[in-house]
Amino acid sequence: MVNKIFINKQIKLDQFLKWCHVASTGGQSKYYILNNMVRVNGIPENRRSRKLKDGDLVDVENIGSFVVVSQMEDL
């Protein structure tokens, strides 16, 4: 099952993992990312500052899959 995670514009990968409650701390996000447990759009990602945008698919090993959905603010 793929969970939809709503964000405003862009978000960094390490922040995203905390935002979607995969990690409770920045250190835990770093652990997942640096140990190749995270894939973005099917490609292993080890950059904590990777910016995610609308439609990106984030897979975290043994935890789940999340799709990034950008919320547009009302003008």
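## The sheet at the centre of the report

Five strands make up an open sheet in the order β1-β7-β6-β3-β4, and the pairing within the sheet is mixed. Its edge strands are β1 and β4, each of which pairs on one side only. Before we walk through the details, please keep in mind that this is a predicted model.

In total the protein has two helices and seven strands. Read from the N terminus, these elements follow the pattern β-β-α-α-β-β-β-β-β.

## Confidence and overall dimensions

How confident is the predictor? The mean pLDDT of the protein is 91, and 95% of the residues reach 70 or more. Among the elements, β3 has the highest mean pLDDT, at 97, while β1 has the lowest, at 88.

The C-alpha trace spans about 40 × 25 × 20 Å along its principal axes. For 75 residues, a compact globule would have a radius of gyration near 11 Å, so the 12 Å of this protein agrees with that expectation. Of the 75 residues, 37% count as buried. If we look at contacts with a separation of 6 or more, 44% of them come from residues 24 or more positions apart.

## Strand β7 and its two partners

Strand β7 covers residues 64-71 and is mostly covered, with six of its eight residues buried. One partner is strand β1 (residues 2-8), which runs parallel to β7 and is joined to it by seven bridges. To find a place to start looking, take I7: its bridge partner in β7 is S70.

The other partner is strand β6 (residues 57-60), which pairs with β7 in the antiparallel sense over four bridges. Here V60 has G64 of β7 as its bridge partner. The two strands β6 and β7 form a hairpin with three residues between them, and N62 in the turn has a positive phi of about 65°. If you are inspecting side chains here, recall that in a regular strand they alternate between the two faces of the sheet.

## D56, a buried aspartate

Which loop holds D56? D56 lies in the loop between β5 (51-52) and β6. Is D56 buried or exposed? D56 has a relative accessible area of 4%, so it counts as buried.

Leaving out residues up to four places away in sequence, D56 touches V40, N41, R50, K51, F66, V67 and V68.

## P44 on an edge strand

P44 is found in strand β4 (residues 43-44), and β4 is one of the edge strands. With a relative accessible area of 44%, P44 is partly exposed, because values between 20% and 50% fall into that class.

What does P44 touch beyond its neighbours within four places in sequence? P44 is in contact with V38 and R39.

## Positive phi in the loops

H21 has a positive phi near 65° and sits in the loop between α1 (13-19) and α2 (26-34). H21 is exposed, with a relative accessible area of 71%.

N36 is not a glycine either, yet its phi is positive at about 55°. Its place is in the loop between α2 and β3 (38-40).

## One aromatic pair

How many aromatic pairs does a search of the whole structure find? The search finds one. The ring centres of Y31 and Y32 are 6.1 Å apart and the ring planes stand at 65°, so the pair is edge-to-face. Y32 has a relative accessibility of 11% and therefore counts as buried.

Technical notes: Residues numbered from 1 in each chain as written. Predicted model: local features only at pLDDT ≥ 70, side-chain atom pairs only at ≥ 80, totals over all residues. Heavy atoms only, no water. Buried < 20%, exposed > 50% of the residue type's maximum accessible area, 1.4 Å probe, protein only. Pairing = 2+ DSSP bridges. Contact = heavy atoms within 4.5 Å. Phe/Tyr/Trp six-rings, centres within 6.5 Å; stacked < 30°, edge-to-face > 60°. pLDDT = per-residue confidence, 0-100. Rg over C-alpha atoms; globule rule 2.2 N^0.38 Å.
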